[in-house]
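Here's a quick tour for someone who likes to know the cut-offs behind the words. Have the viewer open as you read.

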Amino acid sequence: MDHHAVRTLFDQQMRRDTPPDGPGVRVERTGGVVRQVGAANDWNAVVWSGLDQTTADTAIAEQVGYFASLGREFEWKLYDHDHPADLGARLEAAGFTPEPAETLMIAEVGGLPTGTALPEGVRLEPVTDPAGVDLVMDVHDEAFGTSSSRLRQQVLGQLTKSPDTVSVVLAMAGDVPVCAARMELHPGTDFASLWGGGTVPAWRGRGIYRALVSHRAGIAAELGYRFLQVDASSQSRPILERLGFTALSTTTPYVFQPDRSPAP
């Protein structure tokens, strides 16, 4: 893999020319940034910026003002190869809060294993209805310890209004959901992206997460996607590296809430 070429392709297709990630969401290009705008339960974010030392602070202030006028919390998704080099510090000075950094990892679909070896008694089930989404959110809450109410609305909206843009799968041990994951499909691009791979604590270390990665890689291959992309946590990165993923950058979400103001 030519790392620089693939990262450049990712920036072009998935950031500068990004399609909306759900129904009722729009992508806007203004003031040196590309932003996604939707309802309160959607992911509102700056997904790309082409800024420098002289334009960064003005662009940040414009985006803060714009999303504040909508009453929207939003995220500035910063990559460590973005410019200017001190953009993260500028965002913090403007009142943004950085969340834990993740590693941008990409693999060529054709080079990934597609077998799904599962522990005895565990099976995979596709998720297509609200009852299945509820089980996915149960896994999410237990695996990550965070509320999934916003994510539930997002996934339900995709399955209902644009099912060709998402694939969701559950690992079930009898009637108990033990792992869940989804894959976002981006028609017109070379990329599909993996999200939400979470295993409940009692079932970790048995290869289920790996199996769900391979399962989704098989779907991506059938649909003709060239690359799989993951924003990997420190826990998932070693598994993904063993499967053939390569780290190309680091990404940090900087979150701004409308009722916050910059530090003096």
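What follows covers a pocket, a cavity, some salt bridges and a few individual residues.

This is a predicted model, so local features are given only at pLDDT of at least 70 and side-chain atom pairs only at pLDDT 80 or more, while totals for chains, interfaces and linings use all residues. Numbering starts from 1 along each chain as its sequence is written, and side-chain values use heavy atoms, with hydrogens and water left out.

## The second largest pocket

Some terms before the numbers. The search runs on a 1 Å grid over the protein atoms alone: a cavity is a set of points where a 1.4 Å probe fits but cannot get out, a pocket is an open set with protein on both sides within 12 Å along at least five of seven lines, and lining residues have an atom within 4 Å of a point. Points are joined across faces, edges and corners, and volume is the space filled by probe spheres set on them. Helices (H or I, at least four residues) and strands (E, at least two) are DSSP runs, numbered from the N terminus.

The second largest pocket holds about 230 Å³ of space. Its lining has 14 residues, and the ones nearest the centre are Asp 11, Arg 15, Trp 48, His 81 and Asp 82. Helix H1 (3–16) and strand E3 (45–49) each put in at least two lining residues, with H1 giving the largest share, seven residues. By type, the lining of this pocket splits into two nonpolar, seven polar and five charged residues; here Ala, Val, Leu, Ile, Met, Phe, Trp, Tyr, Cys and Pro count as nonpolar, Asp, Glu, Lys and Arg as charged, and the others, Gly among them, as polar.

## Salt bridges

A salt bridge here is a side-chain nitrogen of Lys or Arg within 4 Å of a carboxyl oxygen of Asp or Glu. The count by this rule is eleven, including these pairs:

| Pair | N to O distance |
|---|---|
| Arg 15 and Asp 11 | 3.2 Å |
| Glu 28 and Arg 26 | 2.6 Å |
| Glu 125 and Arg 123 | 2.8 Å |

Arg 15 and Asp 11 are separated by about one helical turn, because they sit four residues apart in helix H1. Asp 11, Arg 15 and Asp 82 are linked in a salt-bridge network, and these three are among the residues nearest the centre of the second largest pocket.

How buried or exposed are the partners? Buried means under 20% relative accessible area, exposed over 50%, and partly exposed in between (1.4 Å probe, protein chains only). Arg 15 and Asp 11 are both buried. Arg 26 has 38% relative accessibility, so it counts as partly exposed. Glu 125 at 29% is also partly exposed, as is Arg 123 at 34%.

## The largest cavity

Across the whole structure, the search turns up one cavity of 30 Å³ or more. The largest cavity has a volume of about 90 Å³. Helix H4 (130–144), helix H5 (149–161), strand E9 (176–185) and strand E10 (191–199) are the elements that give two or more residues to its lining, and H4 has the largest share with five. Of the 14 lining residues, Val 136, His 140, Leu 151, Arg 182 and Gly 196 lie nearest the centre of the cavity. The lining of the cavity divides into ten nonpolar, three polar and one charged.

Cys 179 is in strand E9. Its relative accessible area is 0%, so Cys 179 is buried. Contact means heavy atoms within 4.5 Å; beyond its neighbours within four places in sequence, Cys 179 is in contact with residues including Val 139, Leu 170, Gly 198 and Tyr 209.

Ser 193 belongs to strand E10. At 1% relative accessibility, Ser 193 counts as buried too. Which side chains does the side chain of Ser 193 meet in polar contacts? A polar contact is a pair of N or O atoms within 3.5 Å; within protein, one must be able to donate a hydrogen and the other to accept it, and residues adjacent in sequence count only if both atoms are side-chain atoms. One partner is His 186, at 2.8 Å, and another is Trp 195, at 2.9 Å. Leaving out residues up to four places away in sequence, Ser 193 touches Arg 182, Met 183, Glu 184, His 186 and Gln 229.

## A cis peptide

The bond joining His 83 and Pro 84 is a cis peptide, with omega about -5°. Pro 84 is in the loop between strand E4 (74–79) and helix H3 (87–93).
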